[in-house]
Amino acid sequence: MIGIQDYAYWMAFSHLPRWKTERINRLIIDILQERNISFNDFFDMNENDWSGEFNFNSKELDDLKAAKLELPNYSFLAEDLLNQGFDLVPVNSEKYSKVLKHNLKTKYSPSLLYVKGNVELLNEPSIAIVGSRNASSVSLNFTKKVAQNAVNNHEIVVSGF
């Protein structure tokens with residue numbers, strides 16, 4: 001089972017500003033799989049260690065130092081989310097959607113999913129309904145019919161944010 005501090009690390013990586021998803025995921029792979037070190041060991045490193053070991057540029061180092069300072073806040077946030085019934089599902093978890101990981105690959109798969117509800121449904125056939133914030137009435141009516149049809153057929157509908 002993952003502990004609160006581990007979730008804090010995942011959140012810190014997932015919310016690195018200006019970092020693309022692929023860069024974050026490749027760093028996670030490098031840390032956990034290629035170098036076989038823990039997130040705790042990674043965050044125990046200092047700026048010189050990070051620079052020497054991982055060849056980060058100055059902006060990346062600044063982002064990582066800021067993330068390190070935010071770890072206590074991420075711990076409180078993770079605990080609060082878990083207490084509210086959320087599941088935090090890292091990309092390397094068995095619970096992570098296999099379809100999402102397959103379709104989005106390392107380049108676009110979110111490193112951490114925040115799930116409210118039955119996390120097992122992530123690996124069931126599903127549909128997603130997405131759209132515009134400024135949808136026309138025709139689009140809204142069409143979407144309503146699609147959603148009603150999905151519900152009537154007991155299909156799983158997934159949504160972001």
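E22 and R26 sit four residues apart in helix α2, so about one helical turn separates them. Their side chains meet in a salt bridge, 3.2 Å from N to O. A salt bridge here is a side-chain nitrogen of Lys or Arg within 4 Å of a carboxyl oxygen of Asp or Glu. This is a predicted model: local features need pLDDT of at least 70, side-chain atom pairs count only at pLDDT 80 or more, and totals for chains, interfaces and linings use all residues. Residues are numbered from 1 along each chain as its sequence is written, and side-chain values use heavy atoms, leaving out hydrogens and water.

**Salt bridges**

- The structure holds seven salt bridges.
- R18 forms one with D63, with the closest N and O atoms 2.5 Å apart.
- R18 lies in the loop between α1 and α2 and D63 in helix α5, so the pair ties together parts 45 residues apart in sequence. Helices are DSSP runs of H or I, at least four residues, and strands are runs of E, at least two, numbered from the N terminus.
- K65 and E47 also meet in a salt bridge, at 3.1 Å from N to O.
- This pair links helix α5 (K65) with helix α4 (E47), 18 residues apart.

**Exposure**

- Buried means under 20% relative accessible area, exposed over 50%, and partly exposed in between (1.4 Å probe, protein chains only).
- R18 is exposed at 65%, whereas D63 is buried at 6%.
- E22 is partly exposed at 27%, and R26 is partly exposed at 45%.
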